[in-house]
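Have a look at the structure first, then read on for the packing, pair by pair.

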Amino acid sequence: MPNIKSQEKRMRKSEKQRVRNRAVKSTLKTKIRTFEEAHLAGDEEAARLAFDDASRALDKAVSKGVIHKNKAANKKSRMSRALASSD
C-alpha cells in the first residue's frame, strides 16, 4: 500500500477507470458480435441496425479513451465492407 496521499488517490482513480474500461469493452464486444451474427444470418436490416449501434459505441469508446481511434476506424471499416459485400 502506498504511503503517499497522491498515490492513494491515483490507486482509487485507476481502479475506477479499470472497472469503467472493462464495462465499455464488454459492451463493445457484445455489439460487434450482434452485428456479426446478424450479418452471417443474412438479415440485412438487423445487420444495418447493429452496425449503426456498434459504430456509435466504438466512437464513444474512443472519446472516453478506452480504445485507440485507429482501432475503432479499422473495426468500422471491416464491418462496413462486410455489410456492403452482402448487398
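Helix α1 passes α2 in a left-handed crossing, where left-handed means that the near helix is turned anticlockwise from the far one by less than a right angle, and right-handed would be clockwise. Helices here are DSSP runs (H or I, at least four residues; strands are E, at least two), numbered from the N terminus. Keep in mind that this is a predicted model: local features need pLDDT of at least 70 and side-chain atom pairs count only at pLDDT 80 or more, while totals for chains, interfaces and linings use all residues. Residues are numbered from 1 along each chain as its sequence is written, and side-chain values use heavy atoms, with hydrogens and water left out.

**α1 against α2**

- The two helices pack at an angle of about 160 degrees, with their axes 8 Å apart; axes are lines fitted to C-alpha atoms, for helices over the stretch in contact, and angles run from 0 to 180 degrees between N-to-C directions.
- That makes α1 roughly antiparallel to α2 (over 145 degrees; under 35 is roughly parallel, 65 to 115 roughly perpendicular, and the rest oblique).
- On the α1 side, the residues that meet α2 are Arg 20, Val 24, Leu 28, Lys 31, Ile 32, Thr 34, Phe 35, Ala 38 and His 39.
- From α2 come Ala 46, Ala 47, Ala 50, Phe 51, Asp 53, Ala 54, Ala 57, Leu 58, Ala 61 and Lys 64, with contact meaning heavy atoms within 4.5 Å.
- Sorted by class, the contact of α1 with α2 has 13 nonpolar, 2 polar and 4 charged residues; Ala, Val, Leu, Ile, Met, Phe, Trp, Tyr, Cys and Pro count as nonpolar, Asp, Glu, Lys and Arg as charged, and the others, Gly among them, as polar.

**α1 on its own**

- Val 24, Leu 28, Ile 32, Phe 35 and Ala 38 are the buried residues of α1, where buried means under 20% relative accessible area, exposed over 50%, and partly exposed in between (1.4 Å probe, protein chains only).
- Those buried residues pack against α2 (44-64) and α3.
- Lys 31 lies in α1 and counts as partly exposed, at 22% relative accessibility.
- Leaving aside neighbours within four places in sequence, Lys 31 is in contact with Asp 53, Ala 54 and Ala 57.
- Lys 31 and Lys 5 are 26 residues apart in sequence and 40 Å apart in space, C-alpha to C-alpha.
- Asn 21, also in α1, is partly exposed with a relative accessible area of 22%.
- Asn 21 and Val 66 are 45 residues apart in sequence, but their C-alpha atoms are 5.8 Å apart in space.

**α1 against α3**

- α1 (residues 5-41) and α3 (residues 69-85) pack at about 15 degrees, with axes 11 Å apart.
- These two helices are therefore roughly parallel to each other, and α1 passes α3 in a left-handed crossing.
- Ile 32, Phe 35 and His 39 of α1 meet Lys 75, Met 79, Ala 82 and Leu 83 of α3.
- This contact has 5 nonpolar, 1 polar and 1 charged residues.

**α2 against α3**

- Here the angle is about 175 degrees and the axes are 9 Å apart, which makes α2 roughly antiparallel to α3.
- The α2 side of the contact is Ala 47, Arg 48, Phe 51, Ala 54, Ser 55, Leu 58, Asp 59 and Val 62, and the α3 side is Lys 69, Ala 72, Lys 75, Lys 76, Met 79, Ser 80 and Leu 83.
- The residues of this contact divide into 8 nonpolar, 2 polar and 5 charged.
- Ser 55 sits in α2 and is buried, with a relative accessible area of 13%.
- Not counting residues up to four places away in sequence, Ser 55 touches Lys 76 and Met 79.
- Ala 72, in α3, counts as buried at 2% relative accessibility.
- Beyond its neighbours within four places in sequence, Ala 72 is in contact with Leu 58, Val 62 and Ile 67.
- Ala 72 and Ala 61 are 11 residues apart in sequence and 8.4 Å apart in space, C-alpha to C-alpha.
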